[in-house]
Amino acid sequence: MAYVAIADRDVHGHDPETFFLKYIWSQDHKVIAIQYSCVAIFVGLVALVLSALMRLQLGFPDTFHFVDPSQYYQFITMHGMIMVIYLLTALFLGGFGNYLIPLMCGSRDMVFPYMNMLSFWVYLLAVIVLLASFFVPGGPTGAGWTLYPPQAVLPGTPGAGSGIILMLVSLGIFIVAFTMGGLNYVTTVLQARCQGMTLMRMPLSVWGIFMATILGLLAFPALFVSAIMMTLDGTLGTSFFMPAISSMGADPGHDGGSPLLFQHLFWFFGHPEVYIVALPAFGIVSDLLSTHARKNIFGYRMMVWAILAIGGLSFVVWAHHMYVSGMNPYFGFFFATTTLIIAIPTAIKVYNWVLTLWKGDIHLTVPMLFAIGFIFTFVHGGLTGLFLGNVTVDLPLSDSYFVVGHFHMVMGVSPILVVFGAIYHWYPKITGRMWNDRLGRIHFWLTFLGTYAIYLPMHYLGILGVPRRYYALGDTEFLPESVHTINAAITIAALVVAASVVIFLYNMIVSLWKGEKAPSNPWGATTLEWQTPDTPPKHGNWGPRLPVVHRWAYDYSVPGAPEDFTPQNVPVDARHATGTGHGEG
Amino acid sequence: MAIAVVLVLLVIGSLIFHFASPWWFTPIASNWSTMDDTVILTFWVTGVVFVIVNLFLAWVVLKYRHRKGHKADYDPENKKLEWWLTIITSVGVAAMLAPGLFVWGKFVDVPDDAAIVEAVGQQWHWSFRFPGEDGELGHSDATLITPENPFGLDPDDPKGGDDVLVASPELRLPVDRPVKVLLRSKDVLHNFTVTQFRVKMDLVPGMITHLWLTPTVPGSYEILCEELCGVGHFAMRGRVVVTPPAEFDAWLAGLPTFDETQALAAADPHAGAAQYAVCAACHGAAGEGNPALNAPRLAGQEAWYLRRQIHAFRDGVRGSHERDTYGAQMRPFAAMLADDASIRDLAAYVESLPGQAKQATVAGDVDRGRRLYGTCASCHGVEGQGIWALNAPRLADMSDWYLVRQLQNFQHGVRGTHRQDFYGWQMATFADGLKNERSINDVVAYINTLDPQPALTARKD
Amino acid sequence: MGNTAIVVALLVGIAVWFAVASRLTAKPWDNRAQDGDVGVLRASPQRIGLWVFMAVVTSLFTLFLTAYSMRMHHSVGWCHLTIPNILWVNTGILLAASLALQFAANAAGSGRREFARTALVAAGALSIGFLAGQVLAWRAVGPSLYFVQGSPAIAFFYVLTIVHGLHLVGGLYVLGRSSLRFARGAELIDLRQSLSLCATYWHFLLLVWLAVFGVLLFL
């Protein structure tokens with residue numbers, strides 16, 4: 001049958017033999033996934049250090065004097081861009097997507113392994129170009145991760161010379177890498193599932209990553225378009241985004257361009273981007289909850305439809321980032337409506353996660369703790385989104401610390417909790433070892449409580465009126481002194497959380513040698529990646545025969561089954577009917 | 001187990017934080033209390049969801065935790081429950097959206113009787129313009145901006161002649177009268193925010209945006225820029241003072257119109273030379289300065305800056321701090337100048353003085369100073385030549401000991417703390433970035449190496 | 001904005017079709033139904049991959065054209081570009097290249113090696129001819145960069161045609177590899193898919209070109 005041929009096709013001919021071909025210039029999706037993840041985590045740590053420096057300036061402006069205003073703005077820009085694109089997007093799609101999709105779909109590898117391999121190296125090139133901007137005259141761009149023109153290419157903003165150009169070039173390279181990877185993820189899911197693996201039998205991890213990839217493929221071109229046009233504005237003096245202005249008393253020679261055009265293009269990409277980060281997290285956390293609660297995900301069909309609905313709707317909400325941009329105010333009515341509508345499928349997912357735990361058999365493992373932490377923080381972050389999505393409520397809160405609190409909760413806390421939970425969850429399969437449980441729990445508590453302590457107060461700073469992107473608040477006539485105290489407290493919490501990452505890294509690295517050898521399915525999970533003949537899975541994943549799938553991904557605690565989980569590749573037997581009571585006769 | 005307890009504690013803690021904290025809305029001073037109402041409504045709806053969902057989560061985690069013999073249910077779907085949840089959620093969402101859109105409709109619909117004022121934003125300052133007696137603002141264009149015409153008004157447009165110009169960052173508005181604030185940017189994106197007014201809007205170069213409000217409470221309110229506009233973004237502040245209408249009218253009447261600013265006779269450096277005679281005693285016959293008398297070099301300093309400082313000394317905006325000994329000395333001298341015309345003539349004369357090779361007296365690490373100077377360059381120019389558009393005077397070739405003292409004065413609040421000294425306040429904020437004496441010496445030592453001549457020559461072309 | 005709405009509506013339409021066609025309404029815990037039929041689309045991965053890529057490129061050009069129209073409406077003195085006549089010729093050449101490549105693909109499918117070779121060479125030559133013609137058009141529009149700064153219409157002309165040209169170059173790279181395999185005596189049956197996909201891609205780029213050319217002409 002056609003699908004067997006595709007899933008089974010050993011496209012690259014034979015097993016790689018040398019160290020170089022096995023671990024470096026490798027077309028194996030698992031190796032590529034680890035490569036992506038390592039680079040993403042490395043560059044994420046760079047961004048974490050930048051954020052620590054920023055917080056030192058904000059929390060203790062009179063004590064620390066190694067960050068000046070130019071550097072501060074460069075740090076916030078690089079921190080933001082790295083975290084959103086080079087860490088979260090690359091890690092969820094290039095990292096988890098690459099690792100999980102072929103395994104969860106029962107195929108041997110991605111359908112275009114050579115292009116998949118290239119996508120990593122092109123991603124690495126994008127990272128190198130980005131980090132190079134630290135070393136050029138003028139330093140990296142300090143225009144904010146949103147890179148708004150005209151300031152991004154004009155004097156007065158750090159990095160307005162080479163820094164912004166390198167950033168834009170790096171983004172262009174990243175988009176090429178993403179497209180190469182994305183073609184793989186989408187085509188593999190569509191065409192290379194093993195026998196019996198219908199779309200509706202796929203685990204939600206795959207659905208989340210799949211939908212996120214589609215979003216990325218369609219939305220990243222908007223960033224590409226605006227990057228090209230801004231590069232031309234900054235280098236050749238075109239006026240795509242640049243109106244006639246008097247910049248520092250001089251006329252830079254532009255005319256007629258529209259800064260709002262950039263914002264529309266940027267956010268047409270930018271809003272789907274946040275769902276590119278969120279949807280894989282939604283999918284993965286569903287599987288974490290289900291596995292560790294020994295219970296099927298509640299309302300699987302609604303979960304799939306919600307993922308699709310959120311993905312589709314994410315293309316028509318972008319201008320809620322532009323309520324105070326000066327765009328036609330009547331657009332506010334439309335975008336507030338679509339934005340609040342998108343809250344509905346998102347809320348359904350939240351309910352279904354909690355209902356998955358309801359009447360479950362909840363094992364409070366470290367992955368489960370992170371998953372529960374996700375629910376709590378995502379509820380918070382999602383609810384604050386309702387403030388900002390409603391145009392009138394947004395008006396006093398826009399560009400304040402309320403926004404900073406909101407987007408960190410939904411992008412920086414919840415998905416990161418899922419990243420940690422997922423790494424702990426799949427670590428035994430990827431490495432064949434178990435990590436230290438105690439350290440994992442310490443890491444969880446410090447991260448969960450620490451991040452809440454950082455971002456909850458920020459919302460109240462925003463309500464007071466504390467603006468975002470301020471190097472120093474200084475003395476104002478209306479903000480109380482206690483604002484400075486809160487800032488100091490937030491900084492301390494941030495430093496604690498940053499330090500706790502060390503515990504995580506130590507655990508992950510040392511366990512590679514010292515960890516107990518892990519069984520092939522320590523959590524008793526049903527999905528295919530746990531049913532590989534070898535742990536860690538070898539090249540080709542499945543040995544001589546591909547798996548055949550007979551059931552959906554969530555046969556946990558099926559009444560009458562011998563164990564509290566039934567893997568997807570276990571045949572259906574008349575005695576082990578489904579919960580509906582309708583067995584094959 | 002612990003997680004369930006912690007979840008409950010976090011919910012309770014969050015509620016306590018919310019209700020007991022002093023960090024809430026800054027008291028409102030405009031008609032937009034309905035916006036506060038929509039925020040509060042949203043807090044109630046989302047708060048209820050936050051509490052219910054998380055307490056339910058905590059209860060579920062507790063009740064269904066794994067114990068020996070405990071088994072999970074198998075329950076793939078419950079369509080009825082899911083539909084109910086969807087419906088309730090939709091109702092909640094609509095309950096928040098509808099009032100929000102209603103109030104937005106009010107914001108979009110500017111009252112016909114709203115007065116007009118224009119707020120002009122630039123890196124990193126505010127200025128304002130009123131339409132004058134004809135009720136209409138004259139045409140403006142970024143390409144018309146010059147030091148003599150900082151608003152960039154078209155001199156050929158008859159509607160612009162009577163526009164009242166507010167060159168300082170302090171705007172006054174009459175209480176209880178609706179006002180439409182037109183927003184214009186000279187250079188990059190900015191944002192006009194007064195927290196107490198609740199409404200805000202970006203300034204977009206190439207477009208005129210707007211917001212409207214009715215100030216309801218007399219008082220003084222800070223304007224904050226809330227769209228990242230470069231390195232000085234956080235220091236771009238202004239003030240709106242809301243007063244009774246009579247006070248406002250009096251204030252407005254005292255401000256110059258565009259025609260009046262253009263009708264000023266050209267400054268006469270020769271007349272200025274005569275004025276300068278009394279200054280020469282301290283500042284030197286050629287304006288070269290005299291460190292022994294604590295008088296800095298003036299020769300070649302830009303006229304607009306000299307004018308502003310003389311006005312500042314005269315009006316007590318500078319030199320009235322109790323620890324500003326030398327500033328206090330300047331005040332009677334500034335008062336000796338009879339009128340604004342004299343000040344303009346004097347400043348023009350001093351700007352024309354050629355100046356001589358300077359003596360560097362401050363030692364420091366020039367390389368470290370170069371790095372520190374990076375931020376200063378954004379306003380004062382890469383060669384320290386000064387940029388009039390940014391209200392940043394020339395630094396290069398000026399007395400280095402004087403620069404050191406002024407930086408210290410800014411840091412210690414001796415200069416820049418007067419309510420009307422907006423530019424001084426900005427400098428104080430930036431001076432705070434130089435944390436110690438070593439940094440000050442380093443940056444001034446670097447400034448000593450700068451050669452502004454090419455930039456100054458280019459500017460004259 | 002209108003174009004974006006159209007694209008989004010199209011995408012939503014595709015999504016709905018996909019959802020229905022893939023039987024996303026099935027109840028997957030009901031184990032009886034689905035052994036065997038996995039619901040893959042009846043096409044090779046390479047073809048699916050190409051279609052996905054073409055969707056990405058469509059998104060790219062739609063966004064460029066939307067930006068063009070938004071920038072045009074924003075501008076006060078939009079100076080309409082005079083289309084150099086060579087672009088008409090180029091359009092014809094691209095059409096011919098597309099046809100030639102389709103003939104090559106058909107010939108490979110029906111085993112006519114000689115004809116396939118001729119058509120392939122013609123397609124390659126015509127495509128390169130198109131690119132050469134584009135270079136001539138760029139030189140006709142503005143011999144110096146000064147003109148890029150002067151008018152947004154010109155800047156857009158360059159950006160749109162260069163991006164289109166680059167996509168054609170990418171296609172030529174793939175076509176070149178297949179041609180090399182052909183020249184080295186590969187079996188027609190092995191080349192059939194590659195030539196067919198190249199032909200599809202060429203038709204797609206022709207459509208993109210017609211859209212770009214049309215917008216430049218009429219807006």
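In chain B, strand β4 (residues 170-174) runs parallel to β10, and 5 bridges hold the pairing. Within this pair, B:L173 sits opposite B:V242 of β10(B). The model is a predicted one.

Stay with β10. Buried here means under 20% relative accessible area. In a regular strand, side chains alternate between the two faces of the sheet. The residues of β10(B) can be sorted in that way. B:R237, B:R239, B:V241 and B:T243 point to one side, while B:G238, B:V240 and B:V242 point to the other. Both sets are buried.

Now put the strands together. The chain B order is β4-β10-β9-β6-β7, an open sheet of 5 strands with mixed pairing. Which strands stand at the edges? They are β4 and β7 (200-203) of chain B. Each has a single partner strand, so one side of each lacks a neighbour in the sheet. On average, neighbouring strands of this sheet are turned by 25° against each other, direction ignored. Helix α4 (residues 245-253) of chain B lies across β4 and β10 of chain B, at about 135° to β4(B).

Chain B holds another open sheet of 5 strands, in the order β3-β2-β1-β5-β8, and its pairing is mixed. The twist from one strand to the next averages 25°. At the β8 end, β5 (residues 179-185) of chain B pairs with β8(B) in the antiparallel sense over 6 bridges. B:R184 stands opposite B:I208 of β8(B).

Next, the packing. In soluble globular proteins, nonpolar side chains tend to be buried together. In this model the largest nonpolar core has 376 residues. Among those with the most contacts inside this core are A:Y86, A:W207, A:W353 and B:F192. Helix α4 (residues 69-105) of chain A gives the most to this core, with 24 residues. A:F96 is another of the residues with the most contacts in the core. Leaving aside residues up to four places away in sequence, A:F96 touches A:L91, A:I101, A:I209, A:I284, A:V419, A:A422, A:I423 and A:W426. A second, separate core has 19 residues, including B:A396, B:L403, B:A431 and B:I440.

How do the chains meet? The contact takes 120 residues from chain A and 110 residues from chain B. Together they bury about 10100 Å², with 67% of this area on carbon and sulfur atoms. On the chain B side, B:W23, B:Y74 and B:W104 lose the most area to chain A, together 9% of what that side buries.

Finally, confidence. Chain A has a mean pLDDT of 93, and 96% of its residues reach 70 or more. Residues 575-585 of chain A stay under 50. For this stretch the model has 15 contacts beyond four places in sequence.

Notes
Residues are numbered from 1 along each chain as its sequence is written. Chains are lettered from A and ligands numbered from 1 in the order in which they are written. This is a predicted model: local features need pLDDT of at least 70, side-chain atom pairs count only at pLDDT 80 or more; totals for chains, interfaces and linings use all residues. Side-chain values use heavy atoms; hydrogens and water are left out. Buried means under 20% relative accessible area, exposed over 50%, partly exposed in between (1.4 Å probe, protein chains only). Helices (H or I, at least four residues) and strands (E, at least two) are DSSP runs, numbered from the N terminus. Two strands pair if DSSP finds at least two bridges between them. A nonpolar core is a set of buried Ala, Val, Leu, Ile, Met, Phe, Trp, Tyr and Cys residues joined through side-chain atoms within 4.5 Å. Contact means heavy atoms within 4.5 Å. Axes are lines fitted to C-alpha atoms, for helices over the stretch in contact, and angles run from 0 to 180 degrees between N-to-C directions. pLDDT is the predictor's confidence in each residue, from 0 to 100. Buried area is the accessible area (1.4 Å probe) that two parts lose on being put together, summed over both.
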